[in-house]
Amino acid sequence: MRITDIQRCEVRPGRLVEWTLSPATVAAATALPEDSRPPAYIQESHIRTARCVREDGLFVPTWLGTAFDLPGPVDLDALQEALRTWTVRHETLRSGFRWAGPSGDELRRFTLDAADVSLHREDAGDFDDADELVRHLQDRFDTVADALRWPNLIYTAVVRDDGVSVYMAFDHSNVDAYSLTRIAAEIDELYTAGLAGTEPGSLAPAASYVDFCEIERADADGIDGRHAVVERWREFIQRCDGMLPGFPVDLGVEPGGPLPRQRMLCEPLTDAAEAAAFEAYCRPYGGSMVGLLAATGLIVHELGGQSVYRTVVPFHTRVKSRWNDSVGWYVGGAPIEVPVGRTAGFPETLRAVRAQLQANRSLARMPLARVLRLLGADFRPTSPDLYSIVSYVDTRTFPGAERWAEQRAHALLRVSYGDQVCVWVNRLHEGLWLASRYPDTDVAAKNLRLYVERLRDHIASVAHGSLSAVS
């Protein structure tokens, strides 16, 4: 699935319909007792960061979303029931948090019963201009899918004679990128079954992310500052000058200055043939993710001059198959350190990346927010991103992936403010797709463009069997 923003997902004019959780559902949630299952550390860190940034006087939208088409003419009642059924299916979407405790600084969960969830539909009118519609959608998503309010999700549909485009937005605490890739197929199946008056055929019950949060947090709370995972993070952060690593090139950002606006870059990286050839070359070393990180290390050495590439690699934490169909934020990070001096070639760097990932991947299972708390360091969050990332996911085998082009399906990111660089590379049936958000400075724009061009050159050079440009 292509990752992009609402401005680049080819929104077309039409009649806009919106769904939010109904007033009756909100009232039921207000009266709920506490759910003893705690927030995940990543959820709590996200919400506390949002509050810190808001207290500093800046509103930083961080929602994630999805977009996809359904054929028409649309039955809005059937679509509403599909959306309601899907919401009920994933428990985290009917669960939220309140500030509580003696000082009002503790996050306590509440969770609605499935029977208490209903949607409120509202006709927002006709939009003849696509740009105006995009602005309206972004404003609505910013307002509703906000980390510091509940409910923090919103569903919309742009209705036309030939079909409907569905746009959905969620606060990040409820979804990750992997979750977004599964939404189109599930709602399509629920909607199609509803039109036919049948039961959806392949949707087994989904495990609850709320249950996962309880399990993960209990494990994390069982360690102390002497644990080997904490010690390895301590040593890594010390070698990063006491900070979590940023993207090691000049971004033109003033240290200690105001949080800069961000810009987005998204475009094809390679075609299918080059993606396959690059994967074939990298497979003995661990595959395309290893190749992407190795190429990145060599490029940032060219651009920034550092002799060691230090970064945190994101990994999903769905370590058991029961969580595969679950919507939630199942992400951890593993630190790696790769020598990339002027004598390092591509094969040598591939081997170094593979060794680092093999040694450190298990660290991603321990929530970093728990580690930082045990380190006792002052990591008061001032940006939505604690560190820069380069992510790789092969999405070709995901449910419904073969229909994404036909459905015009996209994963949506909100680009607002931030001082880090986040890069996502997805392998699609059409090839490799790159998306990145980065500080909106002339220096960062120049260096990100250089990074992408050189990354494309590295991959093409490997794919076409000539390593002369990368070794």
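A polar contact is a pair of N or O atoms within 3.5 Å. The structure used here is a predicted model.

**Exercise 1. Ser388**

Task: Which backbone nitrogen lies 3.0 Å from a polar atom of the side chain of Ser388? Is Ser388 buried or exposed?

Solution:
- Step 1. Locate the residue. Ser388 sits in the loop between helix 11 (368-375) and strand 12 (389-394).
- Step 2. Find the partner. The backbone nitrogen belongs to Val421, and the distance is 3.0 Å. The limit is 3.5 Å.
- Step 3. Judge burial. Buried means under 20% relative accessible area. Ser388 has 2% relative accessibility, so Ser388 is buried.
- Step 4. Look around. Leaving aside neighbours within four places in sequence, Ser388 contacts residues including Pro245, Phe247, Thr311 and Gln420. Val421 is also among the contacts.

**Exercise 2. Thr441**

Task: Which backbone nitrogen does the side chain of Thr441 reach? Why does Thr441 count as buried?

Solution:
- Step 1. Thr441 lies in the loop between strand 15 (431-439) and helix 13 (442-463).
- Step 2. The Thr441 side chain reaches the backbone nitrogen of Ala444 at 3.0 Å.
- Step 3. The relative accessible area of Thr441 is 16%, so Thr441 is buried. The cut-off is under 20%.
- Step 4. Not counting residues up to four places away in sequence, Thr441 touches Leu251 and Gly252.

**Exercise 3. Two helices**

Task: At what angle do the axes of helix 9 and helix 13 cross? Which residues meet?

Solution:
- Step 1. The axes of helix 9 (residues 288-304) and helix 13 come within 10 Å. They cross at roughly 130°.
- Step 2. Helix 9 and helix 13 are therefore oblique to each other.
- Step 3. The crossing of helix 9 and helix 13 is right-handed.
- Step 4. On helix 9, the residues in contact include Leu292, Ala295 and Glu302. On helix 13, they include Asn447, Tyr451 and Arg454.
- Step 5. The residues of this contact divide into 8 nonpolar, 3 polar and 2 charged.

**Exercise 4. Backbone exceptions**

Task: What kind of peptide bond joins Gly72 and Pro73? What is the phi of Arg408?

Solution:
- Step 1. Recall the background. Most residues other than glycine have a negative phi, and most peptide bonds are trans.
- Step 2. Gly72 and Pro73 are joined by a cis peptide bond, with omega about 0°. Pro73 is in the loop between strand 3 (64-71) and helix 3 (76-89).
- Step 3. Trp150 and Pro151 are also joined by a cis peptide bond.
- Step 4. Arg408 is not a glycine, yet its phi is positive, about 55°. At 24% relative accessibility, Arg408 is partly exposed.
- Step 5. Glu10 has a positive phi too, near 60°.

Terms used: Residues are numbered from 1 along each chain as its sequence is written. This is a predicted model: local features need pLDDT of at least 70, side-chain atom pairs count only at pLDDT 80 or more; totals for chains, interfaces and linings use all residues. Side-chain values use heavy atoms; hydrogens and water are left out. Helices (H or I, at least four residues) and strands (E, at least two) are DSSP runs, numbered from the N terminus. Buried means under 20% relative accessible area, exposed over 50%, partly exposed in between (1.4 Å probe, protein chains only). A polar contact is a pair of N or O atoms within 3.5 Å; within protein, one must be able to donate a hydrogen and the other to accept it, and residues adjacent in sequence count only if both atoms are side-chain atoms. Contact means heavy atoms within 4.5 Å. Axes are lines fitted to C-alpha atoms, for helices over the stretch in contact, and angles run from 0 to 180 degrees between N-to-C directions. Angles under 35 degrees count as roughly parallel, over 145 as roughly antiparallel, 65 to 115 as roughly perpendicular and the rest as oblique. A crossing is left-handed if the near helix is turned anticlockwise from the far one by less than a right angle, and right-handed if clockwise. Ala, Val, Leu, Ile, Met, Phe, Trp, Tyr, Cys and Pro count as nonpolar, Asp, Glu, Lys and Arg as charged, and the others, Gly among them, as polar.
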